[in-house]
Amino acid sequence: MMLAATVSNLLGPRMRIALRKPIIENFAFKLHYQLTVTLLLAAVILVCARDYIGESIRCMADAGIPTPLIEKYCFFMATFTIVRHYNESLLQGGFLPHPGVGPISDSDEYLHHTYYQWVPFVLFLQSLAFYMPHYIWKKKEGGRIKALVVGLQYASLALEEEDMTVAGMDLPSKSTLDKRIETIRRDIKLRLRISRTWSVWLVSMEVVNLLHVMFEIWIINKFLNGQFIGLGPSVLNYDEWSNIADPLETVFPKVTKCIFHKYGPSGSIQQHDALCVMALNIIHEKIYTVLWFWFLILFIASVLAVIWRIISFFLYRRSPRFNMMMFQRATKNDAKFDPYNVIEVVNGCQFADWLFLYYLAKNMQGVVFKELFTRLAEELGKRDMPDNDDDSEKKGAEPILLGHLSYDDETLPLKPEKKTT
């Protein structure tokens with residue numbers, strides 16, 4: 001107890017160790033459901049903050065049409081600009097009032113703008129879509145990693161023969177630590193196929209993330225009338241930002257036209273032109289420019305993550321040095337692994353088993369994982385090493401069932417067997 005008091009005095013006032021969440025995915029995966037979702041939700045709030053930005057649309061027409069009526073009509077029925085009036089020379093000379101706005105002829109090509117009605121809804125749905133792969137993965141993972149490593153956060157401080165609580169931390173005793181390691185070893189050995197399912201779902205969701213970001217880029221491109229794909233290059237290659245018309249004006253015009261028709265006193269159809277100021281397009285252009293560059297970064301990170309999984313699949317059985325590097329990197333170089341143990345474990349595992357062990361290493365202290373790794377190597381070393389010419393052996397070790405046990409909850413570790421007298 002004196003040791004516990006001493007450790008408490010040393011750690012309590014000076015050192016606070018926060019329990020971190022289990023690591024169950026890579027950095028690229030986190031970019032999808034953390035940063036991207038946050039960015040999209042921030043964009044939704046920004047678009048909806050009309051009290052600070054102003055109304056979505058403000059229109060001006062002749063005295064025959066009430067202003068609130070023409071504004072509601074133009075917002076719901078869409079506005080347009082004219083392609084031939086995006087002419088910098090005419091704009092600089094004062095022959096055109098605004099980019100895309102001017103006299104209309106029958107041969108003119110129109111650009112209709114309706115996206116502004118749907119921007120907040122689309123951004124919100126995209127934020128949900130980017131979170132869904134993580135949600136599915138958490139459901140399929142079922143807290144398995146957390147259930148295995150819980151209680152081992154401070155295993156390196158296991159000094160006493162009895163469990164202790166110091167400064168709010170549960171410090172396992174040497175015997176408790178040994179039992180936990182043995183439980184995890186038995187869990188891995190008896191549930192190899194379940195561990196493989198864990199890894200298959202992880203890799204599947206990583207591939208889904210890559211396909212999803214490609215799908216989102218395609219969706220936004222359709223949403224902006226096919227002008228999103230070239231938005232980034234046009235912004236990067238444009239130098240004359242002092243000009244009246246810039247690349248963003250075509251996609252996000254600040255001033256547009258709208259035509260309202262009504263019956264006159266004699267029953268004839270009257271046409272009324274309206275000039276509309278699109279206040280929110282100042283925000284929209286910034287949002288989608290940022291999203292273009294962010295989705296490019298996200299796409300590259302997702303591609304690299306999938307490529308790294310493919311490289312790992314081909315190297316884990318062929319390069320002992322690669323395995324040493326990966327496990328030491330996972331444990332932050334806190335443990336030095338015996339090359340013979342590495343070979344024993346790798347030859348007794350499929351790639352899905354290897355990946356599960358790698359994430360266990362990322363969530364356990366190096367000294368604890370090294371002990372687990374050594375025991376697992378001893379267990380797998382009792383089996384014959386696979387022949388390189390025998391494809392059936394390359395599939396890895398099959399689970400060995402010890403007696404007739406029932407495992408109803410696949411997400412929790414095994415309980416230590418009770419001793420019978």
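## How H6 and H12 run together

Helix H6 (residues 119-141) and helix H12 (residues 281-315) pack at an angle of about 20 degrees, so they count as roughly parallel to each other. That label covers angles under 35 degrees, while over 145 counts as roughly antiparallel, 65 to 115 as roughly perpendicular, and the rest as oblique. The axes of H6 and H12 sit 13 Å apart; axes here are lines fitted to C-alpha atoms, for helices over the stretch in contact, and angles run from 0 to 180 degrees between N-to-C directions. Helices themselves are DSSP runs (H or I, at least four residues), as are strands (E, at least two), and they are numbered from the N terminus.

The crossing of H6 and H12 is left-handed, meaning the near helix is turned anticlockwise from the far one by less than a right angle; clockwise would be right-handed. On the H6 side, Val 119, Leu 123 and Phe 130 take part, and they meet His 284, Ile 287, Tyr 288, Leu 291, Phe 295 and Leu 298 of H12.

## What kind of model this is

This is a predicted model, where local features need pLDDT of at least 70 and side-chain atom pairs count only at pLDDT 80 or more, while totals for chains, interfaces and linings use all residues. Residues are numbered from 1 along each chain as its sequence is written, and side-chain values use heavy atoms, with hydrogens and water left out.

The chain averages a pLDDT of 78, and 75% of the residues score at least 70; pLDDT is the predictor's confidence in each residue, from 0 to 100. Over residues 1-18 the pLDDT is below 50, and this stretch has 15 contacts in the model beyond near neighbours in sequence. Residues 384-414 also stay under 50, and there the model has 62 contacts beyond four places in sequence. A contact means heavy atoms within 4.5 Å.

## Glu 216, tucked into H9

Glu 216 lies in helix H9. With a relative accessible area of 4%, Glu 216 is buried (buried means under 20% relative accessible area, exposed over 50%, partly exposed in between, using a 1.4 Å probe and protein chains only).

Which residues does Glu 216 touch, leaving aside its neighbours within four places in sequence? They are Gln 126, Ala 129, Phe 130 and Phe 295. Ala 129 is 87 residues away along the chain, yet its C-alpha atom is 9.1 Å from that of Glu 216.

In helix H13 (residues 320-330), the buried residues include Phe 322, Met 324 and Phe 327. Their cover includes H12, helix H14 (339-347), helix H15 (351-363) and H16. After H13 comes Lys 332, with a positive phi near 60 degrees.

Arg 375 lies in H16 (residues 366-381) and counts as buried at 16% relative accessibility. The side chain of Arg 375 makes a polar contact with that of Glu 371 at 2.9 Å. A polar contact is a pair of N or O atoms within 3.5 Å; within protein, one must be able to donate a hydrogen and the other to accept it, and residues adjacent in sequence count only if both atoms are side-chain atoms. Beyond neighbours within four places in sequence, Arg 375 is in contact with Asp 178, Ile 181, Glu 182 and Arg 185.

## Two loop residues with positive phi

Ala 78 isn't a glycine, but its phi is positive at about 85 degrees. Ala 78 lies in the loop between helix H4 (67-77) and strand S2 (79-82) and is buried, at 13% relative accessible area.

Asn 225 has a positive phi near 60 degrees. It lies in the loop between H9 (192-223) and helix H10 (231-237). Is Asn 225 buried or exposed? Asn 225 is exposed, with a relative accessible area of 52%.
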